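Please prepare a briefing on the model shown below, covering its confidence and the interface between its chains.

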Amino acid sequence: MPVIYMDNNATTKVDPAVLEEMLPYFSEQYGNPSSMHMFGGMVGRKLSEARERVAASFGCQPGEIIFNACGTEGDNTAIRSALASQPDKRHIITTRVEHPAVLNLVKHLERKGYEATYLGVDEQGRLDLEELRDAIRHDTALISVMFANNETGVIFPIKEIAEIAKERGVLMHTDAVQVLGKVPFDLKDIPVDFLAVSGHKVHAPKGVGAMFVRKGVQFRPFMMGGHQEHGRRAGTENTTGIIGLGKACELAMGNVTHENTVVRALRDKLEKKLIEAVPDTRINGVVDSRLPNTTSLAFQFVEGESILLMLDAFGVCASSGSACTSGSLEPSHVLRAMGVPFTYAHGSIRFSLSRFNTEADVDLVVAELPKIIHRLREISPFKRTEGEAPACTC
Amino acid sequence: MWEYTDKVREHFINPKNVGEIADASCVGEVGSLACGDALKLFLKVDENDRIVDAKFQTFGCASAIASSSALTEMIKGKTVDEAMDVSNQDIAEFLGGLPKEKMHCSVMGKEALEAAVANLRGLPMAPHEEGEVVCECFGVTDTTIRKAIAENNLKTVEEITDFTKAGGGCGKCLDKLADLLAESKGGLKPLQPVAPARPTGLTNLQRMKLISKIIDEEISPSLQKDGGNIELVDVDGKTVLVQLRGACSSCKSSQLTLKQFVEKRLRDAVDPDLVVEEVR
């Protein structure tokens, strides 16, 4: 059974061209880029090329790129660096809908004596920039706001937020893991100080990431050791991963229009057809400012894990904001922050497409999913005919 | 991805006995939409008190649907009394086991059965309305929690959450859960005012020795029962520095243990101002 992969916000397929670029560096070209000999030096030159490719896709200087292991590392490094370089500032501003890489770190820092403000979102997942302005204090060390939300695809106005931060003299970090390759951005126009991305979300392999640190911004390394990455990220480079990420960024620049036309059209069709076919369905998140590949659909009266497992029987891969799938007992923190009613939140499914999806993929989901929802609603004791959901003791 | 057994998958994909019984003898309802799972159980009972038909409607994950299906299969043909002997472990075993985080699905099955039988006997809806609500997020009462601890021999706060969902939301009730757990464990009973009168006017040396004695003779053996241990590192004024060992060192509720059990015991026995801190 072929796999119909619509979970690209979780991870993506390595592009064949990326794999091809990487392969020689697993076998023949295994040198250490830090070595003095030509054999290692050749790998070092390839890493420089990768750095230039990543920088080109960000609109920054190659010297502003640090390679690391993942998006989480970039987030941790940026936040900890901003705090370490300003020891007198003890306040952090972030949002309630960040990825756990930011959220759990900030919660941890609160236990260590820092103070944090978590900006809320409205029912469509949007931030209130006035709330942000009001939250900034004289001792605010950093504003960390994601570029786009992984669950709903809602894009935040990072340029405006970064301008507010700059105007108020506060450092600004953005987790851009979900936007790379999906939304064009240029760091010459967006005055963020730090930005983090991850390889495996843009058709490069897992285990490699990159962060941007604006020239002139004080930086405190997270990883100590050797002089790799000019002493800013110690540890022997993941050469193949970095080469793959460089190639993936180059491809992403070429494909970003495709993402915003072809992939967007597939997403729109999927969304529209499912809403037409399944009553009591809604979209989580503001419709007109979303990643082109993402839709978060909420089906009332059914539970997400059950939907996913039934989709799995057709080889369809998606994800859910329901409680049961996350291992926690409550629906996703993003949907709760948006105030999505429980009757919908438990039945939320995220489809995230990529350039490897086809019209046939969409057609299959459109054909099968309504039947699945219908079947689960038959099993469910809750029905629309009963009117509003019963009051809960919870 | 949850690791479900083939039996769970089978009862999820092709659940048995789905639907309503129009002329049901009784109905049992537990859970709610907000909680993320709910089960409505219909029973048809004949004049000999035998369950001749059982059907269900479930909102929830695969294991909730499978547990409901399993329950109806297990109780059909049994007398009501025989059916009441089916425990949540029996449901889980029938399905070849459930992931531990999903055990609450089997508990929900058992609760629906109890609710249906209470309905049949004309009793108030048990067990949800009995006792005091401990977990407000999921509406779980102390009665339900005590029962789950006793029936499933639960040893940690996390296990209580796995089996009853209590504590899985905001976490505000975790302290109360630890208390209920402590209360159920003979070994931890001395938490309650059994403690001997607190000595007064101790010298520093006497205080340190007393702390050391209580840790070695009471607290440490009690933690060892759960595969953990504790070691006294230092006493700095009113601060007692300890290191957790074994299962405790990796246990998520170790901070609760530290505050709810170790600190409380030492405060009761030695000095109400003592603060216990973990050295890592």
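Where pLDDT is low, the predicted coordinates should not be read in detail. Chain A averages a pLDDT of 94, and 95% of the residues score at least 70.

**Extent of the interface**
- The contact takes 29 residues from chain A and 36 residues from chain B.
- About 2,500 Å² is buried between the two chains (accessible area, 1.4 Å probe, lost on putting them together and summed over both), and carbon and sulfur atoms give 70% of that area.

**Salt bridge**
- One salt bridge (a side-chain nitrogen of Lys or Arg within 4 Å of a carboxyl oxygen of Asp or Glu) is counted between chain B and chain A.
- A:E305 pairs with B:K102 in a salt bridge, with the closest N and O atoms 2.7 Å apart.

**Chain B side**
- On the side of chain B that touches chain A, β3(B) gives the most, with four residues.
- The residues of this side divide into 19 nonpolar, 12 polar and five charged, where Ala, Val, Leu, Ile, Met, Phe, Trp, Tyr, Cys and Pro count as nonpolar, Asp, Glu, Lys and Arg as charged, and the others, Gly among them, as polar.
- Strands (E, at least two residues) are DSSP runs, numbered from the N terminus.

**Conventions**
- Residues are numbered from 1 along each chain as its sequence is written, and chains are lettered from A and ligands numbered from 1 in the order in which they are written.
- In this predicted model local features need pLDDT of at least 70, side-chain atom pairs count only at pLDDT 80 or more, and totals for chains, interfaces and linings use all residues, while side-chain values use heavy atoms, with hydrogens and water left out.

Notes: Contact means heavy atoms within 4.5 Å. pLDDT is the predictor's confidence in each residue, from 0 to 100.
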